Amino acid sequence: MSPTASHQPAAGPQSIRKIAIASLTGTALEWYDFFLYGTASALVLGTLFFPHASPLAGTLASFGTFAVGFAARPLGGIIFGHFGDRLGRKPMLVITLMVMGFTTFLIGLLPTYAQIGVWAPVLLIVLRVLQGIAVGGEWGGSVLMITEHAPAGRRGFYSAWSQVGINLGFVTSAAVFAAVQSLSDEAFLSWGWRVPFLLGAVPALAGLVIRLKIEETPEFRSVQHKGGKQRLPILHALRTHPRAILITMGARLAENGSSYIFLVFSLAYGKHIGVGNGLLLTGIIVANVVEGASMVGFGALSDRIGRRPVYMAGAATLVVVAFPFFWLLDTGTPALVWLAFIVAIGIGHGAMIGTQPSFFTELFGKTSRYSAIALGHEFASVFAGGLSPLIATALLAATGASWPISLYLVFLGCITLISVYFARETVQRDAVSTPDLKLPPAGVRE
């Protein structure tokens with residue numbers, strides 16, 4: 001059978017735009033919930049749920065609960081990846097959104113340590129685990145919903161729109177949190193911090209309506225029609241694409257690890273050096289708006305020159321800005337603080353995350369693609385985004401300086417550069433949709 005014999009036509013321009021908007025919107029609503037927890041960890045959860053610790057130790061403990069959510073993400077990736085490859089992408093995206101909205105709403109209702117003692121952090125951790133499971137299954141399905149509908153030669157451009165939803169989610173959560181911070185300290189600690197979590201139920205319901213209208217992807221329908229579904233997709237992925245999964249994990253380290261230092265830890269660092277949260281949150285919001293545009297540009301660029309050069313350029317930028325980022329924050333000058341966030345997030349991170357959906361999708365065959373992507377993507381998040389705020393806070397507590405954190409960023413960037421260097425270029429596979437196991441082993445340079 002020729003490579004094109006099983007090819008399913010991609011969605012037409014009007015249809016793919018509708019799918020991209022639906023995926024973007026749903027992703028934004030879901031990541032609003034997830035980023036909200038990270039912001040609260042840096043600013044308020046340590047005080048309310050770990051009150052007997054020093055301020056820095058309380059922040060460290062709250063970042064520990066933040067990391068717990070990341071530890072649960074591989075479990076979510078395995079569960080939703082399995083059923084996503086067996087039952088389809090669409091039903092998994094509906095379930096992840098429902099779980100995320102429900103747990104976020106419950107966090108807003110949680111009693112604090114002062115009210116129920118040690119049960120408060122215990123319940124917080126339980127809800128955080130459920131959040132992590134939902135997000136672990138979200139990314140792979142959302143990405144595949146676009147990439148498997150995208151027309152030939154435009155996969156990088158269209159799939160990057162799914163990442164824009166992540167930026168919108170963060171911008172919205174940061175803006176809502178900045179608004180409630182304008183309350184008095186007493187009101188904010190009493191009830192104001194709960195408002196952003198409770199509001200999460202509204203976008204969850206709206207996102208549910210949007211996702212119920214999305215059509216299943218043509219590539220999954222092709223597998224379903226031909227009876228090509230694997231009984232255990234994750235084992236199939238590990239058996240057929242072990243190197244590509246490792247490359248995915250390595251490529252993910254710098255992107256994910258740096259993002260949570262820039263987006264989450266920087267707020268705790270600002271408290272340490274006396275820079276106001278308002279200035280930092282504004283800088284982060286501006287940088288995310290810039291990145292929302294830049295990642296689409298980088299995705300389109302990867303369609304023209306390849307995934308690897310764009311992704312490696314982003315990782316190299318991270319290495320270059322690792323030290324200047326904190327030097328600029330230390331000045332406390334608004335323009336310089338904004339510049340730090342725009343370069344680090346809008347350019348360095350944007351180049352990696354804008355290219356990531358198409359790059360990762362093309363590394364794997366379609367019968368176990370959801371499981372393979374979720375496995376590599378989410379296991380890396382445990383060691384990258386889940387631990388990076390915790391590691392950065394511990395380094396700051398031990399040394400009182402930013403240079404060890406910068407070295408940590410350089411370390412992450414170098415691992416990603418090496419990993420992507422040893423990946424094979426995948427962009428030429430946009431020309432046709434190829435059946436499984438008809439290509440050289442993914443992740444190996446030719």
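1. Is Val 122 buried, partly exposed or exposed? Val 122 counts as partly exposed, with a relative accessibility of 34% (buried is under 20% relative accessible area, exposed over 50%, partly exposed in between; 1.4 Å probe, protein chains only).

2. Before going on, a word on the source: this is a predicted model, where local features need pLDDT of at least 70 and side-chain atom pairs count only at pLDDT 80 or more, while totals for chains, interfaces and linings use all residues. Numbering starts from 1 along each chain as its sequence is written, and side-chain values use heavy atoms, leaving out hydrogens and water.

3. Val 122 sits in helix H6 (helices are DSSP runs of H or I, at least four residues, numbered from the N terminus). The patch includes Ile 116, Trp 119 and Val 122, and has about 590 Å² of accessible area together (Shrake-Rupley, 1.4 Å probe, only the protein chains shown as cover).

4. Now the inside. The largest nonpolar core has 111 residues, and Ile 261, Phe 265, Phe 326, Leu 329 and Phe 341 touch the most other members (a core joins buried Ala, Val, Leu, Ile, Met, Phe, Trp, Tyr and Cys through side-chain atoms within 4.5 Å). Helix H13 (242–273) gives the most, 15 residues.

5. Val 275, in the loop between H13 and H14, is buried at 11%. Val 275 touches Leu 329, among others (contact: heavy atoms within 4.5 Å), not counting residues up to four places away in sequence.

Terms used. Helices (H or I, at least four residues) and strands (E, at least two) are DSSP runs, numbered from the N terminus. Patches are made of residues with over 30% relative accessible area and no salt bridge: like charges are joined within 9 Å, nonpolar side chains (Val, Leu, Ile, Met, Phe, Trp, Tyr) within 5 Å. A salt bridge is a side-chain nitrogen of Lys or Arg within 4 Å of a carboxyl oxygen of Asp or Glu.
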